[in-house]
4 protein chains.
Amino acid sequence: MAQNAGDESRELRELYAAFGDEHLVPLWTDIADLMPGQPTPSAVPYVWRWRTLYPLAQRSGDLVPMGRGGERRAIALANPGLNGLPYATPTLWAAIQYLGPHEVAPEHRHTQNAFRFVVAGEGVWTVVDGDPVAMRRGDFLLTPGWQFHGHQNVTDRPMAWIDGLDIPFAHATDTAFFEFGPDRLSDERTPQRSRAERLWAHPGLQPVALLGRRPSSPLAAYRWEFTDRALADQLAVEAEGHQATVEPGHAAIRFSNPTTGGDVLPTIRAEFHRLLPGTRTVARREVGSSVWQVFSGTGAIVVGDVRHRLEHGDLLTVPSWAEYRLEADTGLDLFRFGDAPIFEALHQDRVEVDGVVVRQAGRSIATGSGR
Amino acid sequence: MAQNAGDESRELRELYAAFGDEHLVPLWTDIADLMPGQPTPSAVPYVWRWRTLYPLAQRSGDLVPMGRGGERRAIALANPGLNGLPYATPTLWAAIQYLGPHEVAPEHRHTQNAFRFVVAGEGVWTVVDGDPVAMRRGDFLLTPGWQFHGHQNVTDRPMAWIDGLDIPFAHATDTAFFEFGPDRLSDERTPQRSRAERLWAHPGLQPVALLGRRPSSPLAAYRWEFTDRALADQLAVEAEGHQATVEPGHAAIRFSNPTTGGDVLPTIRAEFHRLLPGTRTVARREVGSSVWQVFSGTGAIVVGDVRHRLEHGDLLTVPSWAEYRLEADTGLDLFRFGDAPIFEALHQDRVEVDGVVVRQAGRSIATGSGR
Amino acid sequence: MAQNAGDESRELRELYAAFGDEHLVPLWTDIADLMPGQPTPSAVPYVWRWRTLYPLAQRSGDLVPMGRGGERRAIALANPGLNGLPYATPTLWAAIQYLGPHEVAPEHRHTQNAFRFVVAGEGVWTVVDGDPVAMRRGDFLLTPGWQFHGHQNVTDRPMAWIDGLDIPFAHATDTAFFEFGPDRLSDERTPQRSRAERLWAHPGLQPVALLGRRPSSPLAAYRWEFTDRALADQLAVEAEGHQATVEPGHAAIRFSNPTTGGDVLPTIRAEFHRLLPGTRTVARREVGSSVWQVFSGTGAIVVGDVRHRLEHGDLLTVPSWAEYRLEADTGLDLFRFGDAPIFEALHQDRVEVDGVVVRQAGRSIATGSGR
Amino acid sequence: MAQNAGDESRELRELYAAFGDEHLVPLWTDIADLMPGQPTPSAVPYVWRWRTLYPLAQRSGDLVPMGRGGERRAIALANPGLNGLPYATPTLWAAIQYLGPHEVAPEHRHTQNAFRFVVAGEGVWTVVDGDPVAMRRGDFLLTPGWQFHGHQNVTDRPMAWIDGLDIPFAHATDTAFFEFGPDRLSDERTPQRSRAERLWAHPGLQPVALLGRRPSSPLAAYRWEFTDRALADQLAVEAEGHQATVEPGHAAIRFSNPTTGGDVLPTIRAEFHRLLPGTRTVARREVGSSVWQVFSGTGAIVVGDVRHRLEHGDLLTVPSWAEYRLEADTGLDLFRFGDAPIFEALHQDRVEVDGVVVRQAGRSIATGSGR
């Protein structure tokens, strides 16, 4: 050991300088930051108001042409905790996309997984893997990784919707590929039902010609009419005294991949929640981040100690392991997406309900709730 | 070696006698039977006519009371190759079940998996796990193993349908358990939609409160309206020039478990096929046995060299590895069930199409079709 | 209903006669047999003594030539409950196979899965998929379905061992294929270690060039030295106070497929058990049948109320759902194989320990033991 | 559209300013960076020399005490492309850890998965989940997430080794939990074989008492003697003309989880490669990053156009999708770890060999190599 404090201090400085020269960093000075007791997200809960978002998207429609190179008129939510990066959370990208009357967004493909959710409007067809898919209010639409896709607005009115992708995750892990496709859409027709729906949107039925597990759902469109009815059904079954809802007055469906029963995309989970007027949910914490959007009604999401009031179209980010509760004033319909499939696949998931861990590392913990 | 032929013969006789005494059987005399070059089923292709079956069921309704002990007024197809055993094939049990006006079949449960298919009629509710499920023409209904179930006819008309179970398989392998339930149905209501449907019959949507993989489908009823539409959609998509059908003019759906994407029951596969008028399919052979029933139309199934003409309600057994082709005169709708999930789970599956093995031991063989 | 008893009786007779004519069988008269409360195996517990088996095999060696057609000098255990069929249980075939000095059993392949267990002796090489595998006392050796295999005895002494296959299961389900191979072995060398062992018998290590899940284990030989050591290690760890054994004084290993962590063959489970002198195990019942063979020591297996005393080489069948307990006089080493993988794959498994169901339909039931 | 360029420019500036105010970022200006044609890692290939690393670790041993708070005397490789963060790659943390004579590193646990690889030395026991595991030259040792672990050096000589963890991945995704354990080790004994090895290090054998799939391998130590023998065996089998090696002269084993056949940890893959003198491998690119360390011999890894000469103990990072080739001067033994399990689980994997994509999105592409 060094002979005295001064020597030691000098020697330590020299050691740390040598670390720097050699591209080394000691753990012992950084461990509290690197390995905290629980997740300490940089991302923060934050609300983007639809009444702000939509006019800015509209203004972009006036000023910014659509086309090759820029590819999409999409404006991303940049979480204030993430240093200006265009990321809603560390793993998720969320944007409002806007397509003016008769505009076309040219085809491209990328390994990032994508979905669209339509909070209002209609009139755009997204062409996914050569299959034109109508986009209408309340619909949830998929563009799995590496499928060519473009959009066209066939009406005289603009349309906007929400895009969700795993861009930040793919970027952080250096896994993404991208290719331009044709400038013109591969199929310009505008059928009411896509081929994907005609083949896959029949409950519990699969086309024998197309059987087989797929990492992403082959069902390109999850229509509002089905979502709405499923939620109403859950509440009706609950009212008859049977198990159906997450908790009293709180119905929820998960969009799923019919070929596996799992999530629609390998990296993204999507759900729709409906709360009866006056419902207050229990508190919940989950490893992984989420974005919530109000589809209809008014209410609030309380994250930690802060109550975020929300109305039609508003978006809120909930960081990993932040405690949150939902509150409905009127009946409240909420769309939600998150990154949970990543952590469940890697056994890093953890879920706490009302202060009790109910799921950890791929395993349910509560008695009787199986895996 | 023995000194001469006579001695040897005597010594061999003594050896074989000793085998018999000690409960031993030499392989070398039996190997051709025990380990044939390819499956040599005892079961035979055989047709049961609806015009024969239904009147006999009706007659049973007149003569045989329903109730505890007998449990069900079900009359099983006994394959002529199987020595009078009440087995349609070595693994599958199939029966016509008949319930007179206002009759009740009391509740019981068994580990054997069961389904019902309704070729005609309506008016019975089957109560599965406490959930009343309407039975109507064209519906495919599930009773997974170990769920209590009973039936009631609430009308003034009798109703008959087809039951399918894995009784022979369970019997051969000594795996079955059975319990009587209450004599009265646990829920006598007659809703148009069961709870199972309200929770699970929304395409690609799962109730968050009930998530998790299950060995059998939680969807108790697959309604005809969905099956019919899915088949019509496939043929329409094919007509537009896209891949959708098994082969030209031959649409097919598989009933599936939405929690896994796999078969509805661990031991039973069920499908519905629709052929356009005049369609002749390619020849096909599969390890495992099937039962086909004509739902509507007329046509034939050719098994080996024999052409079996079929019409509404007729049932045909197709033994393992028998080559078969479908032929439609009119448009032809066919229900089919089989035991393929057993052999796929155990990597004993083999499928030949038009003389070429396309799947073997859990693996697709044809280029590009791998799972 | 019929007017009087006589008429009714006649009408019923006519109905039943019609059933017979039409290849139909009513359920209501047969349900108790077809769907019993619990498994009612025809197979019985039965002991084949090594001191009887081996001399008969030897005698066959004197009298019955080996070669093409007969293929193998194997003598099968025919369970006395199974009507003279050469089946140890409804799913399992078990035989003693005997190869005289310098004899060769020619190559063939079949979809039935096979293993060999060597209760005594050495000097035979089995050539599996072109890879010569030495057979020695205590070794457990695999011949997965559809791999060519033959045997040669390179010594001046005969050798006998036990074969286990899923012949009855394959026969009952009509799934089996068989092909003759070359009369001469494809590789006549006699290495101490097979290629399979050199590639796969390193604990937790897999060859990168051969990665991928396989339905059957690629490890052709599980050597006695490893089995012996694993069992000794378990007992030593138990003695130090840590969880290692099935129950006090009862060590057990399962032979496993290193590419999946599951059973060695899709249809057959194999284990080795070691009991310390004086150990009496708790009672156990399992869906599915097993065959036990004593490798060394003396003791008993109590099935139901009957105590079967066993010594070196003796084989005992345990039918499905029969309660059994193991008892060791001396230290007792037991090899065991069974059909459990079939039932676990199909969610038909059930296990009871000491009167309590601990596993059912693919799921552990005891608290905290979930998979 | 705006009336003239000046107005438009002003209006655009106002729009972009509004984006900034509202925490929004347009995609069209960033898409080339966010969604590049192929991965564009910030991390760079970089070599850390053992002859530099080890003396700095030694110097730390002189100057920095070990203990609670600092927890470990570990010095992390900070990839020069990653802005001074202590990350070897965007997902992987790698460090040299140094424990002086008779020092103890106290127990803690974290959800991050960890391993140790010993390039030289011995004398430390790592206590994982209460089980003391000896660390010796060439050994690969596991500390799966959430298991308590500490280390002690029981000798008069210091010891150093390499740690690998998924800290950057866990940090980026906000998933990590950490807990302090006791200051004193839970078991201070120093057995030659750990309990984990006595229970799990028998090839293809699993303890019946501990069966079940686990996300991480239960085998705490993969000993050099087995790794060395497996690699030698592969080369010997190759020399006899059979498939065994990745390519001529290039043997490789993957450390695997015996309960699943998959990777040892959900987020980390580990392999050992051996090249015969003079071997040059084909070029390879993979989605995901790796760290290589030379165990013995001299040679080079060529990444892109740069040839990195390496010798005993040197570490090299290979970023995602960088093309690399291995070159052996002498016989060359290399340890390697990477993050591939993350991307295979999420179907984001892609592998190119010699310019041809052979695996993509969970599926082998080359004929006949499918899983």
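Guide: A residue counts as exposed when its relative accessible area is over 50%, as buried when that area is under 20%, and as partly exposed in between. The model discussed here is a predicted one.

Visitor: Does C:Asp354 count as buried or exposed?
Guide: C:Asp354 sits in the loop between strand 24 (350-353) and strand 25 (356-360) of chain C. The cut-off for exposed is over 50%. The relative accessibility of C:Asp354 is 56%, so the residue counts as exposed.

Visitor: What is the value of phi of C:Asp354?
Guide: C:Asp354 is a residue other than glycine, yet its phi is positive. The value is near 55 degrees.

Visitor: What is the relative accessible area of C:Ala361?
Guide: C:Ala361 belongs to the loop between strand 25 and strand 26 (363-364) of chain C. Although it is not a glycine, C:Ala361 has a positive phi of about 50 degrees. C:Ala361 is partly exposed, and its relative accessible area is 33%.

Visitor: How many Å apart in space are A:Phe115 and A:Thr143, C-alpha to C-alpha?
Guide: A:Phe115 lies in strand 6 (residues 114-117) of chain A, and with 0% relative accessibility it counts as buried. Leaving aside neighbours within four places in sequence, A:Phe115 is in contact with residues among them A:Thr143, A:Ile162, A:Ile268 and A:Phe337. A:Phe115 and A:Thr143 are 28 residues apart in sequence, while their C-alpha to C-alpha distance is 5.5 Å.

Visitor: What is the radius of gyration of chain A?
Guide: Chain A holds seven helices and 26 strands. The globule rule gives 21 Å for 371 residues, and the value for chain A is close to that, so chain A is as compact as a globular protein of that length. The radius of gyration of chain A is 23 Å.

Visitor: What share of the contacts in chain A with a separation of 6 or more comes from residues 24 or more positions apart?
Guide: Of the 371 residues of chain A, 61% count as buried. Among contacts with a separation of 6 or more, residues 24 or more positions apart account for 72%.

Visitor: How many Å apart are the mean positions of the positive and negative charges of chain A?
Guide: Chain A has 36 positive and 46 negative charges. Their mean positions are separated by 6 Å.

How values were computed:
Residues numbered from 1 in each chain as written. Chains lettered and ligands numbered in written order. Predicted model: local features only at pLDDT ≥ 70, side-chain atom pairs only at ≥ 80, totals over all residues. Heavy atoms only, no water. Helix = DSSP H or I, 4+ residues; strand = E, 2+ residues; numbered from the N terminus. Rg over C-alpha atoms; globule rule 2.2 N^0.38 Å. Buried < 20%, exposed > 50% of the residue type's maximum accessible area, 1.4 Å probe, protein only. Contact = heavy atoms within 4.5 Å. Lys, Arg positive; Asp, Glu negative; His and termini not counted. Charge placed at Lys NZ, Arg CZ, Asp CG, Glu CD.
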